[in-house]
Amino acid sequence: MADAQTPVIAGTVGSLLGKTAAAWRAPEFGLSAADRLVVTFSDGSAAFVKGATTEETAGWLRNEHRILDHLRGISLSPEVLGWQDDGTGQPLLVTEDLSAAYWPAAGAENPGGGTSTVWRPGDFDVLRGTLDRLRRAPLPAELPRTTSWPGPQWPRVIELADRLVDVGVVIRGWLEANAEALTAVDAEADTALELGAYLVHGDVRSDNVCILGNAGEREGRLVDWSHAGAGHELHDLVQLLPTLHLEGGPPPWQVCTEPAPLIARLAGPSLQRACVSEQPDWLRRVFIDLASINLKWLAVALGLPLPVPDQDTPG
């Protein structure tokens with residue numbers, strides 16, 4: 001966000017809420033193409049602000065506002081405090097400030113700068129409970145499918161077999177030997193799954209989760225609903241589990257091994273991203289690790305040999 005824009009946005013938010021903006025700062029972590037601010041007012045209260053920067057982010061904000069407005073009072077998301085969409089293509093979404101909550105993605109400060117994810121004992125259970133509550137939430141009328149639902153994945157993954165061998169995700173010949181089973185279960189995802197009956201967040205990960213309350217009385221909140229839409233009831237859980245495992249959570253195959261078509265479809269993007277060389281080394285390493293977890297999980301779900309024979313037998 002340009003420095004010159006910041007006080008303008010803060011002032012606009014103050015006008016929306018009938019308050020006077022006294023200070024503002026950028027959030028300490030999180031990823032978004034939208035402008036983001038935490039604004040503190042003269043009465044001591046605060047609000048979190050997201051502003052569109054492009055036509056695409058404007059669409060994301062409109063979708064997020066629709067979802068948050070629908071979820072008012074359910075304690076799954078931040079409460080909406082204000083909304084401005086004057087047709088200029090730069091809507092502003094103002095929500096409650098959750099800075100005082102515990103954010104796993106900011107759980108520890110790194111000596112060289114930045115933060116590391118830390119899930120406290122019991123936090124995984126809180127997150128699972130939050131996803132269970134989301135599954136029971138009412139679905140907005142005529143809600144489109146979540147934009148995080150990808151198209152068929154495995155024909156392209158099979159084409160990338162040599163690259164996946166090179167990065168250590170699978171042994172040579174495994175993908176070709178199991179190509180028929182993998183592409184078949186992937187194809188079933190659009191026909192065998194109920195994809196329109198549940199509200200899906202679409203991007204549940206540690207920096208989009210915060211936890212309120214103390215031990216024994218904790219409650220989770222999900223933020224950044226830009227990609228929310230209709231989907232399968234286990235979409236968020238299946239999409240989350242591999243990343244959660246990298247952060248100390250249980251192996252996905254110990255949590256669930258079905259529906260296999262859902263696991264197959266949502267595994268595909270990480271396998272393809274693991275083959276992209278034009279990305280920072282640390283990020284590629286993350287996608288290689290996620291690809292390995294996803295492929296092993298799918299092999300267990302389908303009863304196939306492990307993609308790397310010396311991997312530990314799943315418990």
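Here is a short chat about helix packing and cysteines in this predicted model.

Q: Hi! What angle do helix 3 and helix 8 pack at?
A: Hello! Helix 3, residues 123-135, and helix 8, residues 235-246, pack at an angle of about 165°. Their axes are 11 Å apart.

Q: So are they roughly parallel or antiparallel to each other?
A: Helix 3 and helix 8 are roughly antiparallel, because angles over 145 degrees count that way.

Q: Is their crossing left-handed or right-handed?
A: The crossing of helix 3 and helix 8 is right-handed.

Q: Nice. Which residues make the contact?
A: From helix 3 you have Phe 124, Leu 127, Arg 128, Leu 131 and Leu 134. Helix 8 brings Asp 236, Leu 237, Leu 240 and Leu 244. Sorted by class, this contact has seven nonpolar residues, two charged ones and no polar ones.

Q: Okay, what about helix 7 and helix 9? How do their axes cross?
A: Helix 7 (residues 179-192) and helix 9 (residues 260-273) cross at roughly 105°, and their axes come within 8 Å. That makes helix 7 roughly perpendicular to helix 9.

Q: Which residues meet there?
A: On the helix 7 side, Val 185, Asp 186, Ala 187, Glu 188, Ala 189 and Asp 190 take part. They meet Ala 260, Pro 261, Ala 264 and Arg 265 of helix 9. The classes here are six nonpolar, four charged and no polar residues.

Q: Switching topic: how many disulfides are there in the whole structure?
A: A search of the whole structure turns up zero.

Q: And is Cys 210 buried or exposed?
A: Cys 210 is buried, with a relative accessible area of 0%. Cys 256 is buried too, at 14%, because anything under 20% counts as buried.

Notes
Residues numbered from 1 in each chain as written. Predicted model: local features only at pLDDT ≥ 70, side-chain atom pairs only at ≥ 80, totals over all residues. Heavy atoms only, no water. Axes fitted to C-alpha atoms, helices over the stretch in contact; angles between N-to-C directions. Helix = DSSP H or I, 4+ residues; strand = E, 2+ residues; numbered from the N terminus. Parallel < 35°, antiparallel > 145°, perpendicular 65-115°, else oblique. Left-handed = near helix turned anticlockwise from the far one by under 90°. Contact = heavy atoms within 4.5 Å. Nonpolar A, V, L, I, M, F, W, Y, C, P; charged D, E, K, R; others polar. Disulfide = S-S within 2.5 Å. Buried < 20%, exposed > 50% of the residue type's maximum accessible area, 1.4 Å probe, protein only.
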